[in-house]
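Let us walk through this model together, from its overall layout down to a single residue. Keep the structure open beside you as you read.

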Amino acid sequence: MITLNINNKNYNVDVDPETPLLWVLRDTLGLVGTKYGCGIAQCGACTVHLNGQAMRSCVTRVSSVVGRKVVTIEGLSEKGEHPLQKAWIELDVPQCGYCQGGQIMSAAVLIRENKNPTEKDIDNAMAGNICRCGTYLRIRKAIQLAAEIQRKGG
Amino acid sequence: MKFKKTYFFPLKAITVLIIIFSVIAFMSFGFKNESAISNVKNEIVNKDSVESVKAFMDVYKVLTSPRCMNCHPAGDVPLQGDDNRLHNMFPQRGTDGKGIYAMKCANCHQPTNIAGLNTPPGHPNWHLPPANMKMIFQGKTPNQLAKQLVNPKTNGNKTLQKLIEHADDGLVKAGWDPGEGRTVPPLSHEEFKKAWITWIKTGAYAPKQ
């Protein structure tokens, strides 16, 4: 039995310690906001936070997160009021939506560490999150809007 | 009279000694310039420029192979694959060499290798050299790389002893355990280490080219 702290809640799961965290999140715990894209850390759809850092859950062994705090898109904010979530809604960013959870989790690290990111900062920071619908321009605008909301205390 | 003699004799002797020391200092300065390094300690060096350069050419083959050079790029994006292409997603070096924001090396590179063909190779301290000392291998001639490697101002502030120890650094050794689907350097780690130490202990001479 492995104890995991996910979104500030402890879970006991009976899984092989080698299982990637993504499978435990989705198949064992039903937290399906985190998506499977490529399975080899190439697309960013499975991004979660591990002790505040953006991690690719598809290549992260579940045993390696014991004793650490995992945050998924479901736990980014209590009521969807994170500045990024507000900006995403405001600018109607998603098209199909599949990659957007991962996009937001990566962007959350960016605007936490850089309160006023330039377009270049955003492009560099988000280059690991792929969107097949090509919503990159709206993502970039939404990150700038979210940073602005954050600066205003929202 | 006796007093006068003892006054003049040391003066002559001192003059001669100054000349001798000056000649020695000048000669030693000249010899130092022949070697790539000036911090080689005599007790661990048996200078042999032919042996040293020969050993370095083996070292050079390893350092410029993909598993080593891909993390010592000329630019700020690591390289990937045996063709040394820019790393997919263009992750940036960052100040500390560990990436930026949500694109830090450790976001994908786990503490150990993971199963599967061409999955991200692992090490607990995956990183590039930091921005203030990039330690570039890509595009360097053997002469340039040898000189860079022995200069503490361009080698990560490493002393000679630290350089020798660096052959057993975990991230260096990870090059020989690159995960499925990747080639290893052209020499075994044991052969590389032997060449590395031979190069240093014989004077760390830089090839002419």
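## Domains and how they meet

The domain bounds used here come from an automatic or database domain assignment. This is a predicted model, in which local features need pLDDT of at least 70, side-chain atom pairs count only at pLDDT 80 or more, and totals for chains, interfaces and linings use all residues. Residues are numbered from 1 along each chain as its sequence is written, while chains are lettered from A and ligands numbered from 1 in the order in which they are written.

Chain A splits into domain 1 (2-75) and domain 2 (83-151). Between the C-alpha centres of domain 1 of chain A and domain 2 of chain A there are 21 Å. Contact here means that the C-beta atoms of two residues, placed from the backbone, lie within 7 Å. On that basis, 14 residues from domain 1 of chain A meet 11 residues from domain 2 of chain A.

Helices (H or I, at least four residues) and strands (E, at least two) are DSSP runs, numbered from the N terminus. On the side of domain 1 of chain A that touches domain 2 of chain A, strand E3 (47-50) and strand E4 (53-56) of chain A each supply at least two residues. E3(A) gives the most to this side, with three residues.

## Where chain A meets chain B

Now to the contact between the chains, which takes 20 residues from chain A and 18 residues from chain B. E4, helix H3 (100-113) and helix H4 (119-126) of chain A each bring at least two residues to the side of chain A that touches chain B. For residue classes, Ala, Val, Leu, Ile, Met, Phe, Trp, Tyr, Cys and Pro count as nonpolar, Asp, Glu, Lys and Arg as charged, and the others, Gly among them, as polar. This side of chain A then has nine nonpolar, nine polar and two charged residues.

Gln53(A) is found in strand E4 of chain A. Leaving aside neighbours within four places in sequence, Gln53(A) is in contact with Val109(A), Lys104(B) and Asn107(B).

## The cores

A residue is buried if 20 or more other C-beta atoms lie within 10 Å of its own, exposed if 12 or fewer, and partly exposed in between, with C-beta atoms placed from the backbone. A nonpolar core is a set of buried Ala, Val, Leu, Ile, Met, Phe, Trp, Tyr and Cys residues joined through C-beta atoms within 7 Å. The largest nonpolar core has 48 residues, and those touching the most other members include Ile104(A), Ala108(A) and Ile143(A). H3(A) gives the most to this core, with seven residues. The core draws at least three residues from each of domain 1 (2-75) and domain 2 (83-151) of chain A. Apart from it lies another core, of 23 residues, among them Leu63(B) and Trp196(B).

In H2(A), Pro83(A), Leu84(A), Ala87(A) and Trp88(A) are buried. They share one side of H2(A) because they cover an arc of only 135° around the axis, the arc being that of the directions from the helix axis to the C-beta atoms. H3 and H5 of chain A are included in what covers these buried residues.

## Confidence

The predictor gives the complex an ipTM of 0.94 and a pTM of 0.86. pLDDT is the predictor's confidence in each residue, from 0 to 100. Chain B has a mean pLDDT of 87, with 79% of its residues at 70 or more. Residues 1-6 of chain B have pLDDT below 50, and this stretch has zero contacts in the model beyond near neighbours in sequence.
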